[in-house]
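Visitor: Please bring up the model, and let us go through it by question and answer.

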Amino acid sequence: MAAMKNKITLESLIEQALRIPKVKVNREEFLKAAFAKEGILVHQIVEEGPIACDYSDIELDDIAEKLILRRTSESSAMSFAAGIPGGLAIAAMIPADTLQFFAMSLRMAQELAYLYGAKDFWACEGEEGALVRYQLICSLGAMFGVEGASAATRLLSSHLAMRAVGGTPKRATTREFWDPIVKRISKELTLRLTTDTASKGVAKLIPVIGGFFSGGMTFLAMRPMGRKLYQVLSTAGFRYNDSAAMKDYLALEDLVEKAEAEAMFEDDDAPEAGVSAGVAGDGGWGAMPEAAATADKADGKDADNKAGTSSNIDFG
């Protein structure tokens with residue numbers, strides 16, 4: 001089992017989670033649904049993002065709170081036995097409830113990021129595409145409380161949205177700067193999902209205050225995680241100044257130095273559990289978008305016929 005876990009990477013976790021129906025979020029469809037009742041033309045929100053369309057932090061934070069509550073309620077009522085499509089190799093390596101929890105976290109991270117102005121995670125290419133997907137990884141890290149992830153999410157989302165962040169070096173917009181940061185966040189996040197603690201179930205993975213996990217699974221922990229992320233994104237969108245940006249930049253530089261120091265004590269030939277050499281090599285995640293697109297076309301009955309496993313989960 002240990003050898004199998006060493007082969008798990010965050011990319012493979014994301015790729016497998018995206019094969020679960022409704023986990024991959026279509027940015028345009030999500031924004032159209034979220035702002036369908038608003039007076040402003042929806043296509044303008046899709047084109048420019050809610051913040052650029054003069055939505056206030058109070059308005060977006062309120063939408064975020066309602067979204068998190070809705071997703072949490074949906075998750076708590078869900079039967080995961082009906083949710084995993086057949087053929088997910090990763091399901092044999094980590095507990096089913098942990099995989100579902102990660103999948104739901106992945107969906108929420110996409111939705112909250114789009115709400116606060118993120119570009120399409122699955123449409124951008126090249127250098128920009130890599131940085132956009134790095135934003136998603138950092139957002140996931142922020143939800144799970146990974147060191148440096150909140151600072152990375154604030155700084156990177158501000159740069160990608162082209163909001164003025166003066167004072168930080170130009171290298172803060174390059175892959176050279178972000179590669180080691182995202183690699184470290186990916187490593188920590190993957191280890192949290194694949195260690196022996198996680199193998200006992202997500203109840204041991206996420207500390208729950210004022211709640212408990214019983215029966216198959218509840219998702220009470222997801223609400224504070226979602227709130228943590230939207231507060232980070234709201235700060236980046238509305239209350240982020242040059243001083244705060246420089247503070248985050250310096251903290252991330254310290255994180256890189258820490259990672260480099262740790263690497264000195266590692267065997268270069270030993271496999272790193274949960275991390276591949278390039279988090280988003282060649283500007284993307286390889287076949288992940290294509291795999292997800294294929295999954296989007298398959299309905300629950302197709303998955304049932306292929307694997308004898310019900311997969312009619314509906315993420316709403």
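Guide: We start in a loop. Setting aside neighbours up to four places away in sequence, cysteine 124 is in contact with Lys119, Gly129, Val132 and Arg133. This is a predicted model.

Visitor: How many disulfides does a search of the whole structure find?
Guide: A disulfide is a covalent bond between the sulfur atoms of two cysteines. Cysteine 53 is buried, at 8% relative accessibility. Cysteine 138 is buried too, at 0%. The search of the whole structure still gives a disulfide count of 0.

Visitor: Which residue has a side chain joined to that of tryptophan 122 by a polar contact?
Guide: Tryptophan 122 sits in the loop between helix 6 and helix 7. It counts as buried, with 13% relative accessibility. A polar contact of 3.1 Å links its side chain to that of glutamine 110.

Visitor: What distance separates the C-alpha atoms of tryptophan 122 and arginine 27?
Guide: Along the chain the two are 95 residues apart. Arginine 27 is one of the buried residues of helix 3. The C-alpha separation of tryptophan 122 and arginine 27 is 9.0 Å.

Visitor: Within what arc do the buried residues of helix 3 fall?
Guide: Helix 3 covers residues 27–34, and its buried residues are Arg27, Phe30 and Leu31. Viewed down the helix axis, they line one face, because they fall within an arc of 95°.

Visitor: Which residues are exposed on the other side of helix 3?
Guide: An α-helix has 3.6 residues a turn, so residues three or four places apart point the same way. On the other side of helix 3, the exposed residues are Glu29 and Ala33.

Visitor: Which residue has a backbone nitrogen reached by a side-chain oxygen of asparagine 26?
Guide: The place to look is the start of helix 3. There the side-chain oxygen of asparagine 26 comes to within 3.1 Å of a backbone nitrogen. That nitrogen belongs to glutamate 28.

Visitor: What is the phi of lysine 22?
Guide: Lysine 22 is in the loop between helix 2 and helix 3. At 42% relative accessibility, it counts as partly exposed. It is not a glycine, yet its phi is positive, at about 75°.

Visitor: And what is the phi of aspartate 54?
Guide: Aspartate 54 lies in the loop between helix 4 and helix 5. It counts as exposed, at 69% relative accessibility. It is not a glycine either, and its positive phi is about 70°.

Visitor: With which residues is tryptophan 178 in contact, leaving aside its neighbours within four places in sequence?
Guide: Tryptophan 178 is among the core members that touch the most others. Its contacts are Leu131, Tyr134, Ala152, Leu155, Leu156, Ala172, Thr173 and Leu252.

Visitor: Which residues does threonine 168 touch, not counting those up to four places away in sequence?
Guide: Threonine 168 is in the loop between helix 8 and helix 9. It is buried, with a relative accessible area of 12%. It touches Leu155, His159, Ala245, Met246 and Tyr249.

Visitor: What separates the C-alpha atoms of serine 186 and valine 146?
Guide: Serine 186 belongs to helix 9. It is buried, at 1% relative accessible area. Valine 146 is 40 residues away along the chain, and the C-alpha separation is 9.1 Å.

Visitor: What share of the chain's residues counts as buried?
Guide: The chain has 15 helices and 0 strands. Among contacts between residues at least 6 apart in sequence, 78% join residues at least 24 apart. Of the 316 residues, the buried share is 49%.

Terms used:
Residues are numbered from 1 along each chain as its sequence is written. This is a predicted model: local features need pLDDT of at least 70, side-chain atom pairs count only at pLDDT 80 or more; totals for chains, interfaces and linings use all residues. Side-chain values use heavy atoms; hydrogens and water are left out. Buried means under 20% relative accessible area, exposed over 50%, partly exposed in between (1.4 Å probe, protein chains only). Helices (H or I, at least four residues) and strands (E, at least two) are DSSP runs, numbered from the N terminus. The arc is that of the directions from the helix axis to the C-beta atoms. A polar contact is a pair of N or O atoms within 3.5 Å; within protein, one must be able to donate a hydrogen and the other to accept it, and residues adjacent in sequence count only if both atoms are side-chain atoms. A nonpolar core is a set of buried Ala, Val, Leu, Ile, Met, Phe, Trp, Tyr and Cys residues joined through side-chain atoms within 4.5 Å. Contact means heavy atoms within 4.5 Å. A disulfide is a pair of cysteine sulfur atoms within 2.5 Å.
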